[in-house]
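Okay, thanks for coming, everyone.

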Amino acid sequence: MADSSLLANGVSALFIDGKLSEGRAGTFPTINPATEEVLGLAADADAEDMGRAVEAARRAFDETDWSRNTELRVRCVRQLRDALQHHIERLRELTISEVGAPRMLTAAAQLEGPVNDLAFSADTAESYVWNQDLGQASPMGIPPRRTIAREAVGVVGAITPWNFPHQINLAKLGPALAAGNTLVLKPAPDTPWCAAVLGEIIAERTDFPPGVVNIVTSSDHSLGALLAKDPRVDMVSFTGSTATGRSVMADAAATVKRVFLELGGKSAFVVLDDADLAAASGVSAFTACMHAGQGCAITTRLVVPRGRYDEAVAVAAGTMSSIKPGDPNDPGTVCGPLISARQRDRVQGYLDLAIAEGGTFACGGGRPANRDVGFFIEPTVIAGLSNDARPAREEIFGPVLTVIAHDGDDDAVRIANDSPYGLSGTVYSADPDRAAAVAARLRVGTVNVNGGVWYSADAPFGGYKQSGNGREMGIAGFEEYLETKLVATAAT
Ligand code: NAD
């Protein structure tokens, strides 16, 4: 398959039971958020399509040796990585145009990182200790031989958002499939093509048996709820907002299925009073603009010493006003568009609220003057709000940084933890022991100390509190997709 043949006729297909097919509900458009132009059409699935996909995944799990054939699984996951790498330039253009992802990020977490990271899932499956001898014991005076077997959970329903579609789709597909599960992926309606291309590539370039992977694009969010409710689905792996995560958890309760949730965040960037304030504030401001702030783990609260508050605001505003929202195609662009008009209006609503609650803008505050087309918002620094204000507490998901004053290390920890979320955090200090002590007290799943990068295929990622449960990536992310069976055999 040549690169150009991907999505060749401008309409993407569903991928169900090994076949590319049309959606029973017709098609829906996918939009370039930088230009507002229709890129093309995606197959629109209805409930019956979703039912067929679940049935196919169930059959592939129950009636084939997929879950027990590690060699086949490792081969298929490696084939998928190789095929995606083969198409990487076409995928890069697609990611820039459908997601509005800045080109520079496609060399990392937006595309190439997660594609390469499929190797970690395959390698883990290959070297994993699937059966472990628990040794001798004599429960009730009877000495059995005991083995712990790790097995696939079964059929996984994967529901994903639009902000890092390849990262999130592949961080679920890779480990779930390598671990022996079958899967139905329901991507966000905003980025159907990033998921649909996987179906085309799997169909044409890999040996995945029919039904093992199914990809169901739809304009209808309720198809996600169907997956969460379906008794034929053993596990739902969800990434998205906390509100939707709550609903997924409730829908899954009736069938007591395993629920793995990666949800929202409102992470703090804590600057202690011995740190280089200007350097830290600049880094914090730059990070808040990446991909227009549409990252769940971005540190959107800059928590700085009260005596140097104005200085921190000035540095952050200087950095953010120098970052112009721009064409994601341009290799220099850091801050592209938001995904949709709806998302832009939501962010603008929070900016209006910041003023209503007594805050001020040190820079930004609305749509950029020179961009009438595209869903752009100016990088914005909000000053003058406490951590109790809604724009300081709620996830905005735009290029917006709120600067909050602290009165020492204990107060900084209190503010950082005073959040319903617990996804990530950053600490800057000249004293490594002091930084480590603060990092240890943060109730979050990942911490960056003085610029430490936590994102990596072998590193678990996930949240405390209402940022979710479970971990994606790393061995922990692989084991999310495993059951544990203890077999006791009477000693002869
Ligand atoms: P969303 O919650 O609106 O949608 C996520 C997915 O859920 C989509 O596929 C959507 O169609 C589906 N969905 C919607 N309603 C559903 C329902 N009732 N039942 C089942 N599925 C349903 O989120 P979004 O706007 O697409 O993405 C942004 C959110 O994702 C942010 O809150 C962000 O923090 C979060 N996110 C979290 C992580 C993480 O790893 N923690 C990573 C990326 C994004």
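**From a surface strand to the ligand**

Let's start at Val 38, which lies in strand β5, residues 38-43. Keep in mind that this is a predicted model.

Now, on to the salt bridges. Side chains of opposite charge can pair when their charged atoms come close. How many salt bridges does a search of the whole structure find? The count is 30. One I'd like to show you is Glu 48 with Arg 24, where the closest N and O atoms are 3.1 Å apart. Glu 48 is in helix α1, residues 47-63, while Arg 24 sits in the loop between β3 (19-21) and β4 (27-31), so this pair ties together parts that are 24 residues apart in sequence.

Okay, the ligand. The space it takes up is the largest pocket. There are 28 residues surrounding the ligand, and the closest are Thr 160, His 221, Ser 241, Leu 263 and Glu 395.

Which elements each supply at least two residues of that shell? Those are α7 (222-229), β11 (235-239) and α8 (242-253). Of these, α8 gives the most to the shell, with 3 residues.

An N or O atom in the Glu 395 side chain is 2.5 Å from a ligand oxygen. For Lys 186, the side-chain N or O atom is 2.9 Å from an oxygen of the ligand, and for Trp 162 that distance to a ligand oxygen is 3.0 Å. As for cover, the ligand has 850 Å² of accessible area on its own, and the protein covers 88% of that.

That's my tour, so over to you for questions.

Key. Residues numbered from 1 in each chain as written. Predicted model: local features only at pLDDT ≥ 70, side-chain atom pairs only at ≥ 80, totals over all residues. Heavy atoms only, no water. Helix = DSSP H or I, 4+ residues; strand = E, 2+ residues; numbered from the N terminus. Near = heavy atom within 4 Å. Polar contact = N/O pair within 3.5 Å; in protein donor to acceptor, adjacent residues only side chain to side chain. Areas by Shrake-Rupley, 256 points an atom, 1.4 Å probe, with all protein chains shown as cover. 1 Å grid on protein atoms, 1.4 Å probe; cavity = no way out; pocket = protein on both sides within 12 Å on 5 of 7 lines; lining within 4 Å. Sits in = over half its atoms within 2 Å of the grid points. Salt bridge = Lys/Arg side-chain N within 4 Å of Asp/Glu carboxyl O.
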